[in-house]
Amino acid sequence: MRSVASAPATAVNGAVTIDAVGKVYGETVVALEDCSLEIAAGEFLALVGPSGCGKSTLLNILAGFDHPTRGTVTLDGAPLASADRAAHPGPDRIVVFQEGALFPWKTVLDNVTYGLKVQRQTAPEEARARALDMLARCGGLDRVAHQFPGQISSGMQRRVELVRALINDPKMLLLDEPFRAMDTVSKGRMHQHLLDIHAQFPKTVFFITHDLEEAILLADTVAVMTTRPGRIRSRVAVDLPRPRHARMIASERFVALKEQLIAAVHEEALKAFERGERELA
Amino acid sequence: MAAKGRTQNAVARLFAHWRGAVAIVAFVLVWQILGTMSSTFGGKIPTPTQVTQTFFASFVDDPRYWRNWAASFERVLWGFGFAQLFGIPLGIALGLSRTTEEIVFPVFEVLRPIPPLAWVPVSILFWPTHEASIIFITFIGAFFVIVINVFDGIRHIPERYFWLATSLGATPWRIFLRIVLPAVIPSVAVGMTLGIAITWDVLVAAEMIAGDLGLGRLTWEGYVSNTPEIVIVGMISIGIAGYLSARIVDYIEARLMPWAQHDPKFRGRR
């Protein structure tokens, strides 16, 4: 596969400011505390950290599925969520879940056009044409357009989900460990695919993962979260050139970055372990 | 290549059927032997040959026998149909609304463990005709199963489907029509499969107690009139009728969710 390194077609936006966000469940469970993070427009940010540290909570707040109990979140300068006020979920921020969320009763094509259909901004014929075009551009998926999700591989399902998100021209993509359950070969393919997609559609990406190599290979910035209560412990700028390729994993710079991250994550994981915390994620 | 594959498939199918046929023949043989043996010590179980003779001599061309079929099927149709008609909406309401759940569920949970047949006396006292009371009892049999399955199905729709639909811009009403309803179809299907089996169970017993016609009644009359051949004819008829109903329900389910035919998650769940 070839990477598309042409100039971005649309204006890049999707700058996120997370400012001193806290999230307390009930009275006692502090999931996030004083969590602050800047994500630049078009930046690919990978968030790593021990299980149950609040990564998904943060993603849910960004998506509008949950609300912070403290702090504010802004998107391109406009307030998105603040204390006890959830953001409204919208087509500008689409999540791809680890378990996948294609609707099994809709064909691939109907899944992709669903957003355009319910937003009623696009004529059905145009929506179908655009969906087919976009499926074709994202790895020849138009050939499975009329199949049901249950008929295609999980790798293809994730690709279709990315298309379903991208067709809405979102400001950001929120990816919650989308490749966690995959075998190494499929995962490698998905990485290359996502890199190509990100080059072709330079959206802000918020990518949660446990896999440090994955984080370094894909991201511009890797943010490390502390064990609960979750806070951003450090940010590591990944200065590897783009287009990226799996071969870079062996490069000196990659290994150095990995060591740096391992040290940070390991310390947090150890803290969590010593506290005897149950795995939440 | 493809043709060869098809041939192999056909052979495999034939072989599968062939094994099934052998099993049926073996079953009939064992029955014949046991029936013959039982008559030596005064037992009254008719042999397959006697049953077949009786069936062809006095049932095949007897319209009264076929009226029994029609009567039973009609009751199943009404009882099962009403159970779906009321059970699916109630299951959805229970699943979607905590308030409905809090109001309805306690009553529901008290009534649910009562076996359908325990409703027979009340049913006969309440309904003006025996026909209505039998239909009511069959309805009860399928109703609770379908409600529980739909309720459970709604509760188990993955939350991310709702989240995603909302993100994509769907209104609550659209989510209900296009997410909740299709997502609950597999549970409706499970409820239907279980419901149709219970419907026949209950129907046969109810007909024995209160009916004037029907396959259950036929079987019971065979016993009362000391004609064991009729009992067996009745039993086999019920078996075939139940099997046919299950196939019809399977067909409806397949039509309701064409997408599930290819989906390993749903295929073979039943």
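**Strands and helices in a predicted model**

Mentor: Welcome! In this predicted model, A:Val73 has A:Ala81 of β5(A) as its bridge partner.

Trainee: What makes β4 (residues 70-75) of chain A and β5(A) a pair?

Mentor: DSSP has to find at least two bridges between two strands. β4(A) and β5(A) share four bridges, in the antiparallel sense, so they count as paired.

Trainee: And where do they sit in the sheet?

Mentor: The sheet is open, with four strands in the order β2-β1-β4-β5 (chain A) and antiparallel pairing. β2 (29-39) and β5 (78-82) of chain A are called edge strands because each pairs on one side only. On average, neighbouring strands are turned by 25 degrees against each other, direction ignored.

Trainee: Which strands does α1(A) lie across?

Mentor: α1(A) lies across β1 (16-25), β2, β4 and β5 of chain A, and runs at about 115 degrees to β1(A).

Trainee: Over in chain B, how do α4(B) and α6(B) cross?

Mentor: The axes of α4 (residues 98-111) and α6 (residues 130-155) of chain B come within 12 Å and cross at roughly 145 degrees. The crossing is left-handed.

Trainee: What kinds of residues make up the contact of α4(B) with α6(B)?

Mentor: There are eight nonpolar, no polar and four charged residues. Phe and Val count as nonpolar, Glu and Arg as charged.

How values were computed. Residues are numbered from 1 along each chain as its sequence is written. Chains are lettered from A and ligands numbered from 1 in the order in which they are written. This is a predicted model: local features need pLDDT of at least 70, side-chain atom pairs count only at pLDDT 80 or more; totals for chains, interfaces and linings use all residues. Side-chain values use heavy atoms; hydrogens and water are left out. Helices (H or I, at least four residues) and strands (E, at least two) are DSSP runs, numbered from the N terminus. Axes are lines fitted to C-alpha atoms, for helices over the stretch in contact, and angles run from 0 to 180 degrees between N-to-C directions. Contact means heavy atoms within 4.5 Å. A crossing is left-handed if the near helix is turned anticlockwise from the far one by less than a right angle, and right-handed if clockwise.
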